Amino acid sequence: MANLKAIRTRIASVKNTRKITRAMKLVAAARLRKAQEGITRMRPYALQTLKMISSLSARAGDDEALHPLLARRQPQKVMLVVLTSDRGLAGAFNSGIGKAAYKQYLELVAEGREVTVAIIGRKGGDYFRRRHAPITHTFSNIYEALSYNKASSIGDVIVTDYTSHKLDAVYLCYNEFKSAISQKVVLERLLPIEPMTVVAPETAIDFIYEPDQRAILDTILPLYVNVEIYRALLESVASEHGARMTAMDNATNNAADMISALTLQANRARQAAITTELMEIIGGAEALKG
Amino acid sequence: MAQDKHEAKSATALGLQIATPLGMQLDTEVESVQVPSVAGELGVLPGHVPLLAALKPGVLKYRKQGQTSQVAVGAGYVEAGAASVRLISEFYARPEDVDIEQAKQDLAKAEQRLKAFTGMLGDPEHGEAQRELDWALARIALVAS
């Protein structure tokens, strides 16, 4: 029978762990709500921009000379932008995205493309560095005080690389938030911008462009990139907290199971000890009688 | 057409909507709007022809029931039509939201960052500092005017 004192110490330690995992679960739940709110709040901005892009690109047609971001080149140099988290303890969140992105990376390499990787979040950096993938950009300190401005800075880098022909295509790889228990890894093409052909009847009249169409496209197309990145960041944050919440909930339940198993063991050990003691006393008394 | 009906109904009113990544900030009916576009101040009255303009961080003015109000907006664009003006802007602030000391501090900090910046053009650091600088200036202009 195990040592009673050792078991009791163990119970105390598991109880502490349970306290921590429970607190982490609550924190994750609160952050998840905040992230979801962020997604809802940016919706009018994103929708309006998407509508504008589609109406502009419908009007611009396939005139790719109109703006470098609409230009479609042979996708030789491809960049994967992988969104991971800064912190671990989020279940399969980071390994899931890492695995999916790495698989995509290998496929693209097998097709003979020059693939580079841009990493957002500390965890992805570790994953890809270990596998010796060429990381050209690492964006750190994004999640703390996540703001649209930070998404814009990432967008700037990507747009600059694209317009200077360092890249021919850019893909975003991130966890899409479905619910607290399920996240889906998605791969989306960010650049070149897909010309959308939705023409609502009211957009039949052309706009007056102030100062001109090129300047408008210069403003709006990078904006689209920023919106997409910001949305992906928010989705990823929501997924991360959802995954962490579920993982911590499981950990809390496991700790509770462990505590009850250990308590049973401790009680057994205590009873065994009492029985032994009694036997010794009785044995001693018998011996004295004799 | 749907737009004609809308035009006839509200020949004197102009819907003004301002959306930022933090949500719809303003959704109201006004008589006229003056927006800071990259090509200069741009006045919009009801019945305007469809227009699309790029925004410059600065002060937007609008008249509502004879009263003029001002707000600061960031970079983005504006879509004006006969009965509505829709702004998509990075930032938005009303005069009462602006902490002038904070804005001045942000301005100094952004100037410092730009001055100390030695990396390549197109670096995220540079763009971020530049946007912060523009936004600080827009807020200061809003309070000063």
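This is a predicted model: local features need pLDDT of at least 70, side-chain atom pairs count only at pLDDT 80 or more; totals for chains, interfaces and linings use all residues.
Figure 1. Let us start with the overall layout. Chain A holds 5 helices and 6 strands, and along the sequence these follow the pattern α-β-α-β-α-β-α-β-β-β-α. With a radius of gyration of 29 Å, against the 19 Å that the globule rule gives for 290 residues, chain A is more spread out than a compact globule. The C-alpha trace of chain A spans about 115 × 40 × 25 Å along its principal axes. Buried residues make up 36% of the 290 in chain A. Among contacts in chain A with a separation of 6 or more, 78% link residues 24 or more positions apart.

**Figure 2. The largest nonpolar core, seen around Val82(A).** This core has 100 residues, and the members that touch the most others are Val81(A), Val82(A) and Ile220(A). Helix α5(A) gives the largest share of the core, 19 residues. Chain B takes part too: domain 1 (2–95) and domain 2 (99–144) of chain B each provide at least three residues of this core. Which residues surround Val82(A), once its neighbours within four places in sequence are left aside? Val82(A) is in contact with Ile97(A), Ala101(A), Val117(A), Ile119(A), Ile120(A), Gly124(A) and Cys173(A).

**Figure 3. Where chain A meets chain B.** The contact is made by 28 residues from chain A and 29 residues from chain B. On the side of chain A that touches chain B, at least two residues come from each of α1 (4–60), α4 (148–163), β6 (208–210) and α5 (213–289). Which of the elements of chain A gives the largest share of this side? That is α4(A), with 8 residues. By class, the side of chain A that touches chain B has 17 nonpolar, 7 polar and 4 charged residues.

**Figure 4. A strand pairing across the two chains.** Here the view moves in on β6(A) and its partner in chain B. Strand β6(A) runs parallel to β5 (residues 51–55) of chain B, and 3 bridges join the two. One pair to look for is Ile208(A) with its bridge partner Leu51(B) in β5(B).

Figure 5. Strand β8(B) pairs with β5(B) in the antiparallel sense over 5 bridges, with Ala53(B) opposite Val78(B). Strand β8(B) is also joined by 5 bridges to β9 (residues 84–89) of chain B, again antiparallel. There, Glu79(B) has Arg86(B) as its bridge partner. Strands β8(B) and β9(B) form a hairpin with 3 residues between them.

Figure 6. Is Gly47(B) in a strand or in a loop? Gly47(B) sits in the loop between β4 (40–44) and β5 of chain B. Having 13 other C-beta atoms within 10 Å, Gly47(B) is partly exposed. Although Gly47(B) and Ala82(B) are 35 residues apart along the chain, their C-alpha atoms are separated by 3.9 Å.

**Figure 7. The β6(B)–β7(B) hairpin and its next strand.** Strands β6(B) and β7(B) pair in the antiparallel sense over 7 bridges, and Arg63(B) has Thr68(B) in β7(B) as its bridge partner. This hairpin has 2 residues between the strands, and Gln65(B) takes a positive phi near 50°. On to the next strand: β7(B) and β10 (residues 92–93) of chain B run antiparallel and are joined by 2 bridges. Val73(B) is paired with Tyr92(B), its bridge partner in β10(B).

**Figure 8. The two domains of chain B in contact.** Chain B is divided into domain 1 (2–95) and domain 2 (99–144). In this view, 9 residues of domain 1 are in contact with 8 residues of domain 2 of chain B.

Notes: Residues are numbered from 1 along each chain as its sequence is written. Chains are lettered from A and ligands numbered from 1 in the order in which they are written. Two residues are in contact if their C-beta atoms, placed from the backbone, lie within 7 Å. Helices (H or I, at least four residues) and strands (E, at least two) are DSSP runs, numbered from the N terminus. Ala, Val, Leu, Ile, Met, Phe, Trp, Tyr, Cys and Pro count as nonpolar, Asp, Glu, Lys and Arg as charged, and the others, Gly among them, as polar. Two strands pair if DSSP finds at least two bridges between them. Domain bounds come from an automatic or database domain assignment. The radius of gyration is taken over C-alpha atoms; the globule rule is 2.2 Å times the number of residues to the power 0.38. A residue is buried if 20 or more other C-beta atoms lie within 10 Å of its own, exposed if 12 or fewer, and partly exposed in between; C-beta atoms are placed from the backbone. A nonpolar core is a set of buried Ala, Val, Leu, Ile, Met, Phe, Trp, Tyr and Cys residues joined through C-beta atoms within 7 Å.
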